[in-house]
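User: Hello! I am new to this structure and would like to go through it with you, asking how you know each thing as we go.

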Amino acid sequence: MFAMENPEMILAEGVEAMEFAELSEKYHISGVPDTIINDAAGRVVGAVPEINLLAEIQRAMNK
Amino acid sequence: MEKLLPPDIIKQIREVFAQVKNPVALLFFSSKKNCDYCAEIQQLLEELTQLSDLLHLSIHDIDAEADLAALYKVTGKAPALVIAAQEGDQITDFGIRYLGIPSGHEFTTLIQDIILVSGRDSGLSAQTRQYLKSLTKPLHLQVYVTPT
């Protein structure tokens with residue numbers, strides 16, 4: 001739902017890990033949900049509160 | 001063809017779809033190559049979108065309609081579903097995609113996504129909204145999930 005706020009800049013994909021096995025292997029997905037930010041510049045494992053996801057996005061975007 | 005959605009599930013979905021506020025466009029990109037479940041997903045989406053007058057499904061071939069696939073950034077990502085807003089003939093992309101088979105728990109997520117997009121509101125906090133709106137560089141989020 002993050003993408004809705006700025007679709008010009010944000011792309012949000014739900015990825016079914018088994019169908020896209022190559023991508024899952026690339027990012028070493030072992031548990032779900034696992035959120036990969038900008039090609040692993042950031043990452044959040046598990047379901048976390050919105051504020052934690054926001055913090056990780058900010059960290060990844062400032063790299 | 002036999003229905004994928006059983007009658008009791010159809011009844012539940014109809015009840016939940018009472019919350020659909022505005023038209024939603026579902027663009028399904030299938031492929032004739034390496035997509036074992038594309039036919040089933042298409043059938044599932046056809047059955048699902050029949051349950052609300054506000055849902056509009058269109059079916060596209062990711063290879064034959066390469067320009068459209070590129071526009072929606074789903075090139076090489078079949079089976080891909082774009083969940084977008086629709087006003088008349090106009091589709092507004094919210095950047096929301098689901099890649100793969102929306103079964104099990106992910107079927108519930110799909111229905112929730114449809115309702116959120118129909119409300120045109122992310123439901124996020126003011127702080128998050130402000131930050132996301134201020135972005136000037138691309139942000140790509142991929143949430144990996146499994147059906148169970």
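Analyst: Gladly. Chain A and chain B bury about 4200 Å² between them, 60% of it on carbon and sulfur atoms. Please keep in mind that this is a predicted model, in which local features need pLDDT of at least 70 and side-chain atom pairs count only at pLDDT 80 or more, while totals for chains, interfaces and linings use all residues. Residues are numbered from 1 along each chain as its sequence is written, chains are lettered from A and ligands numbered from 1 in the order in which they are written, and side-chain values use heavy atoms, with hydrogens and water left out.

User: What makes that an area that the chains "bury"?

Analyst: Buried area is the accessible area, taken with a 1.4 Å probe, that two parts lose on being put together, summed over both. The value of about 4200 Å² therefore covers both chain A and chain B.

User: How many residues of chain A and of chain B are in contact?

Analyst: On the side of chain A there are 36, and they meet 42 residues of chain B; contact means heavy atoms within 4.5 Å.

User: Why is the link between Glu13(A) and Lys77(B) called a salt bridge?

Analyst: The rule asks for a side-chain nitrogen of Lys or Arg within 4 Å of a carboxyl oxygen of Asp or Glu. The N to O distance for Glu13(A) and Lys77(B) is 2.7 Å, so the pair qualifies. Four elements of chain A, namely β1 (10–16), α1 (21–26), β2 (34–37) and α2 (50–61), each supply at least two residues of the side that touches chain B. Helices (H or I, at least four residues) and strands (E, at least two) are DSSP runs, numbered from the N terminus. The largest share of that side, seven residues, comes from β1(A).

User: How do you know that β1(A) pairs with a strand of chain B?

Analyst: Two strands pair if DSSP finds at least two bridges between them. β1(A) and strand β6 (residues 139–145) of chain B have seven bridges, in the parallel sense, so they count as paired. In β6(B), Leu141(B) is the bridge partner of Ala12(A), and Gln142(B) is the bridge partner of Glu13(A).

User: In which sense do β2(A) and β6(B) pair?

Analyst: They pair in the antiparallel sense, over four bridges. Here Ile36(A) stands opposite Gln142(B).

User: Why is His60(B) called buried?

Analyst: Buried means under 20% relative accessible area, exposed over 50%, and partly exposed in between (1.4 Å probe, protein chains only). His60(B) has 12%, so it is buried. This residue lies in strand β2 (residues 55–61) of chain B, and among the residues that His60(B) touches are Leu27(B), Phe28(B) and Leu68(B).

User: What makes the link between His60(B) and Ser58(B) a polar contact?

Analyst: A polar contact is a pair of N or O atoms within 3.5 Å; within protein, one must be able to donate a hydrogen and the other to accept it, and residues adjacent in sequence count only if both atoms are side-chain atoms. The side chains of His60(B) and Ser58(B) are joined at 2.8 Å, so the distance falls inside the limit. A polar contact of 2.8 Å also joins the side chains of His60(B) and Glu65(B).

User: And Ala64(B): is it buried or exposed?

Analyst: Its relative accessible area is 68%, so Ala64(B) is exposed. Ala64(B) sits in the loop between β2 and α3 (66–71) of chain B.

Definitions and conventions. Lists of a residue's contacts leave out its neighbours within four places in sequence.
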